[in-house]
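Biologist: Before we discuss side-chain pairs, please show me the sequence and the model.

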Amino acid sequence: MATTKTVSIPLERVAPGRWSTVAGPEWGNPGGGLWGGYAIGLCIRVVEAEPQAVGEPLSLTLTYAAALPAGPLDIRTRRLRQGGSVGVWEVEILPAGSDQVGVHGMVTMAKRPRTPDFAFAQMPAAPEPESLPAPELPQQASRHFGASAFERRMGDAFPPTPSGDSRTLAWARSRRGPLDKALLGMMTDHSAPRAMYALGRNVMTTTLSLTAYLHATAEEIAAVGDDFILVECEGRVGGGGASDERSSYWRRDGKLLATSEQLVWYREVRRNAPE
């Protein structure tokens with residue numbers, strides 16, 4: 001059996017279209033399930049490792065059907081189509097030994113030809129990351145939600161409080177080595193739920209679906225190295241248990257690296273006041 005190792009997600013190929021990995025506790029959430037960003041990085045990593053994959057990840061859509069536990073996981077991959085430049089892959093992530101799919105992903109792989117560049121979007125103005133304080137997270141938060149993988153600097157506090165405005169700007173950088181497509185994909189599920197900006201911290205959320213568009217090429221993302229990127233995130237509407245979020249990811253020089261759209265399921269919860 002061949003083994004492919006990466007910076008943060010080891011993969012073992014056990015058969016054609018079949019892989020396994022072990023998700024460590026550092027990728028978990030306080031409730032016990034895996035952080036949603038981990039599944040994004042895993043989907044990107046496993047398709048990149050497929051011997052028949054052509055090109056590089058361009059977009060992916062994940063549906064979170066059920067919570068995945070930390071520990072051994074099985075991954076099933078299937079190439080649905082391969083054209084001259086674009087290929088489409090299906091990825092299913094399951095608890096080891098189970099037939100119950102936890103996360104279903106569709107990943108588009110593409111050759112990136114040289115074409116004239118253009119841009120309508122502009123990077124928003126933001127204070128330099130070096131001018132912002134390093135985060136001081138509660139001990140529990142520092143062990144979950146991908147906090148061990150990324151450093152995040154922002155002007156407002158965490159957890160957020162209702163403000164009437166869901167738009168935030170934050171600088172983030174990898175703690176796991178130079179930025180690549182998998183780490184960038186993980187970042188698309190690393191912002192606080194927008195429902196908190198309307199309802200405060202007395203809300204529980206879970207991602208239903210997330211689509212990430214990786215506009216930049218692998219070389220353009222690699223140029224970030226260990227530097228910060230700017231994360232622009234906002235929500236538009238919530239109701240009936242569902243809330244949306246959208247975000248943009250900018251290199252310091254103004255290059256738009258990625259965008260994402262996310263639908264979140266939320267509910268209010270009562271929290272006991274501290275004694």
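**Charged pairs and a nonpolar patch**

Biologist: Does Glu48 count as exposed, partly exposed or buried?
Modeller: At 37% relative accessibility, Glu48 counts as partly exposed, since buried means under 20% relative accessible area, exposed over 50%, and partly exposed in between (1.4 Å probe, protein chains only). This is a predicted model, in which local features need pLDDT of at least 70, side-chain atom pairs count only at pLDDT 80 or more, and totals for chains, interfaces and linings use all residues. Residues are numbered from 1 along each chain as its sequence is written, and side-chain values use heavy atoms, without hydrogens or water. The class of Glu48 is partly exposed.

Biologist: Which residue forms a salt bridge with Glu48?
Modeller: A salt bridge is a side-chain nitrogen of Lys or Arg within 4 Å of a carboxyl oxygen of Asp or Glu. Helices (H or I, at least four residues) and strands (E, at least two) are DSSP runs numbered from the N terminus. The two partners are three residues apart in helix H1 (residues 36–49), so about one helical turn separates them. At 3.9 Å, N to O, the partner of Glu48 is Arg45.

Biologist: How many residues apart are Asp180 and Arg45?
Modeller: Arg45 is buried at 7% relative accessible area, whereas Asp180 is partly exposed at 23%. Their side chains meet in a salt bridge at 3.0 Å, N to O. The pair links distant parts of the chain, with Arg45 in helix H1 and Asp180 in the loop between strand E9 (168–174) and helix H3 (181–187), and the separation is 135 residues.

Biologist: Which residues are linked with Glu130 in a network of salt bridges?
Modeller: The whole structure holds 17 salt bridges. Besides Glu130, the network contains Glu128, Asp227 and Arg252.

Biologist: What is the area of the nonpolar patch that includes Leu263?
Modeller: Patches are made of residues with over 30% relative accessible area and no salt bridge, like charges being joined within 9 Å and nonpolar side chains (Val, Leu, Ile, Met, Phe, Trp, Tyr) within 5 Å. Leu263, in strand E14, is partly exposed at 35%. Accessible areas come from the Shrake-Rupley method with a 1.4 Å probe, and for residues only the protein chains shown count as cover. Leu208, Leu263 and Trp265 make a nonpolar surface patch of about 260 Å².
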